[in-house]
Amino acid sequence: MAFPTETVYGLGADALNPLAVAKIFALKERPTFDPLIVHIASFADMTLVADRPSKRALKLAEQFWPGPLTIVLPKSSAVPDLVTSGLPTVGIRMPDNEIALSLIRAAGCPIAAPSANKFGNLSPVCAVHVRKQLPDVDYILDGGQCSVGIESTIVSVNGDICTLLRPGKISIEDIDRALPGMFQFRIHSDDSIVAPGSLKSHYAPTKPLYLLGNKMRHLPSRSGLIVHRLGTDPPSCEKLLYTSHRNDLLEVAANLFSSLHAMEDDGRIDRIFIDTVPRAGLGVAIMDRISKAIYKYESNT
Ligand code: TXA
Ligand code: MG
């Protein structure tokens, strides 16, 4: 079943049932080397899926859950290897969305869920986006538009080392501020993958997507343009969309995937240009998604 979370829609199955989990991989056409995040609705479930979580990990969870933070911890034997792609660790989060939490409680089990899209494509932030990419999914719980709009921050915790695996709304500065001195932080930058979500190309629309260059005054015909603030006198284009009128990064994140979907769905548009945001705060996560979304197109030019 597809369901809303505060970040993006997920495609969920009983995390403890390998047959159910296998259907997620099939429907998404997702390679089995890419592990799933396990969603829980209570702190008690953390000890069901993680193997003796450390005090630091528990503190981190208590501080930010429910919320858009996934914590990677040693897994318990209850979690099938398919969920974690054979890794000895499991990514866990408690979503900040009442529908998601009610679903997990009603199911009576933790729910493994990747984003409810085809592997590598745009992430879904409303029920229509899910239906577009996964027409065969049996049920979609429609919870309207996701409030955060980009996937959770992922960190792994090992002793006092907290490693950022995927940037999101919660930054390592936020963690350090909330739990001063508890962790030393690392950023996972190397390409030898612990986190296949760190593939270079991901989140890609079906139409070519490029960054808007500073000096671009004219775009080719049938171009769509996505910008993040008013008053920059953008080049003329077929369709202009604003994620925000004032570079408000919360608004940009919330509207990023919707504006890309709108361009992808518009028959007048053949290619999409998108402006950048400063790589600070939430801008790091936004530029992470944009860089991966353009990767396969930029590298062909
Ligand atoms: O916001 C989100 O996290 C959404 C909603 C549905 O909760 N889910 C999501 O799932 O983004 P997905 O499958 O698109 O991304 C899962 C990523 C993997 O690609 C991998 O990078 C990371 O989570 N991951 C999961 N388990 C991991 C593990 N044991 N070690 C390292 N990375 C892991
Ligand atoms: Mg995804």
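Contact, on this tour, means heavy atoms within 4.5 Å. Keep in mind that you're looking at a predicted model.

**Stop one: a helix pair.** Select residues 249–265, helix α8, together with residues 282–298, helix α9. Their axes sit 9 Å apart, at an angle of about 20°. Angles under 35 degrees count as roughly parallel, so that is the label for α8 and α9. Look at how they cross: α8 passes α9 in a left-handed crossing.

Now show side chains. From α8, pick L249, L250, V252, A253, L256 and F257; across from them in α9 are L282, G283, I286, R289 and I290. Colour that contact by residue class and you get 9 nonpolar, 1 polar and 1 charged.

**Stop two: a cavity.** To find it, select its lining: K28, R30, S115, N117, F119, G120, N121, S123, H202 and Y203. This lining splits into 6 polar, 2 nonpolar and 2 charged residues.

Most residues other than glycine have a negative phi, and most peptide bonds are trans. Go to E29, in the loop between α1 (18–28) and β4 (37–39). E29 isn't a glycine, yet its phi is positive, about 55°.

Then move to P66, in the loop that runs between α3 (55–64) and β5 (69–74). Check the peptide bond joining W65 and P66: this one is cis, with omega about -10°.

Methods
Residues numbered from 1 in each chain as written. Chains lettered and ligands numbered in written order. Predicted model: local features only at pLDDT ≥ 70, side-chain atom pairs only at ≥ 80, totals over all residues. Heavy atoms only, no water. 1 Å grid on protein atoms, 1.4 Å probe; cavity = no way out; pocket = protein on both sides within 12 Å on 5 of 7 lines; lining within 4 Å. Nonpolar A, V, L, I, M, F, W, Y, C, P; charged D, E, K, R; others polar. Axes fitted to C-alpha atoms, helices over the stretch in contact; angles between N-to-C directions. Helix = DSSP H or I, 4+ residues; strand = E, 2+ residues; numbered from the N terminus. Parallel < 35°, antiparallel > 145°, perpendicular 65-115°, else oblique. Left-handed = near helix turned anticlockwise from the far one by under 90°.
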